[in-house]
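Please consult the sequence and the structure below while reading.

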Amino acid sequence: MQRIRSLKTGWQLLKSSYEGAAKQANTSSSTSRNYSHLPPPQGPNSFGLLFDIDGVLVRGRTLIPAAKQCFRYLVDRNGKYKVPVVFVTNAGNCMRQTKAEHLSHLLDVEVSPDQVMLSHSPLRMFTQFHKMCVLVSGQGPVEEVAHNLGFQDVVTIDELREAYPVLDVVDHNRRPKDSIPPTKGLRPIDAVILFGEPIRWETNLQLIVDVLLTNGNPDNAWNMMQYPHIPVLACNMDLLWMAEAKNPRFGHGMFLVCLESLYKKVTGHELKYEALIGKPSVVTYNYAELLIRQQAERLGWSTPVKTLYAIGDNPMADIYGANLYNRYLQASRHTRAQMQAKSGGGGADPLAETVDDAPKMTSAELGGASSAYGAEEDLPEGCRSILVCTGVYSKDQQELPSNTAHTVTEQRIFHGHRDFRFDPSLTQPSFIVQDVKEAVEMVFQQEGWPLE
């Protein structure tokens, strides 16, 4: 209960800070210069776009040609956005500013950092961990990323390895030569933050297990009775992702599988997560919706965004996540209708039967923030998923059955995270298109917007 209260407080602080920034942006020409102030053509039928990056806009460092073409539809003649656009990626090995600059260069449109959401972005709301001593795993500027998110006391894997020089011995060339250096010692680790796949998996796996089995004091002996272990927060659950190679590459989800397997093999216990963040968790889409709302206000839209369209290439991350968020939105509408009915302000809820039949979402699927929001009246009515064939999913290699009842575990291997249920209906996209250009054209047609 204390954790939920802390998350709710963190979310409210985050929301108020973004809303304050949005109001300031409306009066600042320098901040809102990227947004066209024309009203949406169909008034209340406004929408926002959530773009995955790898496999949708790029393959590794190579731009997918359709990506640059589709963004011509999204900006006016002055290069200003006509609709809210957020890039939602499970990547997390850089800062938002860096990713925004890279996208701006590739797409020939200006992308601001507040349009970019990395897998770790929602960690800003986990304020109860910000003053703890946290061990961070990943690659790139992980220490800088952690500080930028609000964490004040950060220890990297390299710092831990240097402080305890006899822990990392898989690579014989990295073992101490001659005499063993003295242990420097570090303050106890209070929590572990897994940002993304590291470079040396064996080093990170060994040291993280050491920390978990010693209650954050890796110089101590392992204690198999130390369970549950200190909190672990993981970002990016993608088992596979698409780069330049013809076949998918291992993602951070594969590293998590290794860590979970090693921990259970050694201790007999399941590794527990305080939170799983990034697609397909609901908290990721709630955060993205907040950014969409901020942009809609900068565009001068007076009505809430009605529909979100999430465009991705991975059925188990992008499509599953968008559909799970849509289920969350329907449940939220159902909750509001029930509250209005009890207060005498409304009639029967048309969504009641659909929502009641849907399985309840687990805390893992919600991202560890199950009560941080849900009764807001300005949430979108729905989120529609669009699957493109330029990344992990390919029509040539896979076929999604039209009847979800025919999709069973024996016929399709579940690539989702261990703590997420296999729900075949959530892997079924609202639309399947060839590429991102076709996706945007289809959205504009659905919404009755001109492509010019």
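The model is a predicted one.

**Helix pairs**

Two packed helices are described by the angle between their axes and the distance between the axes.

| Helix pair | Angle between axes | Distance between axes |
|---|---|---|
| H6 (residues 201–213) and H7 (residues 252–267) | roughly 45° | within 10 Å |
| H8 (residues 282–298) and H9 | about 75° | 9 Å |
| H2 (residues 65–74) and H12 (residues 436–447) | roughly 25° | within 7 Å |

The axes of H6 and H7 cross at roughly 45°, and the two helices are therefore oblique to each other. The crossing of H6 past H7 is right-handed. On the H6 side, the residues in contact are Trp 201, Asn 204, Leu 205, Ile 208, Val 209, Leu 212 and Leu 213. Their counterparts in H7 are Met 254, Phe 255, Cys 258, Leu 259, Leu 262, Tyr 263, Val 266 and Thr 267. Sorted by class, the contact of H6 with H7 holds 13 nonpolar and two polar residues, with no charged residues.

H8 packs on H9 at about 75°, which makes H8 roughly perpendicular to H9. H8 takes part through Val 282, Tyr 285, Asn 286 and Glu 289. These residues meet Ala 317, Asp 318, Gly 321, Ala 322, Leu 324, Tyr 325 and Tyr 328 in H9. The contact of H8 with H9 is made up of seven nonpolar, two polar and two charged residues.

For H2 and H12, the crossing angle is roughly 25°; angles under 35 degrees count as roughly parallel, and H2 and H12 are therefore described in that way. In H2, the contact involves Ala 66, Ala 67, Gln 69, Cys 70, Tyr 73 and Leu 74. In H12, the contact involves Val 436, Lys 437, Val 440, Glu 441 and Phe 444. By class, the contact of H2 with H12 comprises eight nonpolar residues, one polar residue and two charged residues.

Rolling a probe the size of a water molecule over the atoms shows where empty space is left. The model has two cavities of 30 Å³ or more, and the largest cavity has a volume of about 50 Å³. Its lining consists of Leu 50, Phe 51, Asp 52, Val 88, Lys 279, Tyr 285, Ala 310, Ile 311, Gly 312 and Asp 318. Strands S1 (47–51) and S13 (307–312) each provide at least two residues of that lining. S13 gives the most, with three residues. Six residues of the cavity lining are nonpolar, one is polar and three are charged.

The largest pocket contains about 730 Å³ of space. Of the 34 residues in its lining, Asp 54, Ala 91, Asn 93, Lys 99 and Trp 241 lie nearest the centre of the pocket. Helix H3 (96–107), strand S10 (240–241) and helix H9 (315–342) are the elements that give two or more residues to this lining. H3 gives the most, with three residues. The lining of the largest pocket divides into 11 nonpolar, 14 polar and nine charged residues.

**Backbone geometry**

Most residues other than glycine have a negative phi, and most peptide bonds are trans. Which residues does a cis peptide bond with omega of about 5° join? They are Tyr 227 and Pro 228, and Pro 228 is found in the loop between H6 and strand S9 (232–235).

A cis peptide bond also joins Lys 279 and Pro 280, with omega of about 15°. Pro 280 lies in the loop between strand S12 (275–277) and H8.

A positive phi, near 55°, is found at Asp 178, a residue other than glycine. Asp 178 is in the loop between helix H5 (157–163) and strand S8 (191–194).

How values were computed. Residues numbered from 1 in each chain as written. Predicted model: local features only at pLDDT ≥ 70, side-chain atom pairs only at ≥ 80, totals over all residues. Heavy atoms only, no water. Axes fitted to C-alpha atoms, helices over the stretch in contact; angles between N-to-C directions. Helix = DSSP H or I, 4+ residues; strand = E, 2+ residues; numbered from the N terminus. Parallel < 35°, antiparallel > 145°, perpendicular 65-115°, else oblique. Left-handed = near helix turned anticlockwise from the far one by under 90°. Contact = heavy atoms within 4.5 Å. Nonpolar A, V, L, I, M, F, W, Y, C, P; charged D, E, K, R; others polar. 1 Å grid on protein atoms, 1.4 Å probe; cavity = no way out; pocket = protein on both sides within 12 Å on 5 of 7 lines; lining within 4 Å. Points joined across faces, edges and corners; volume = space filled by probe spheres on them.
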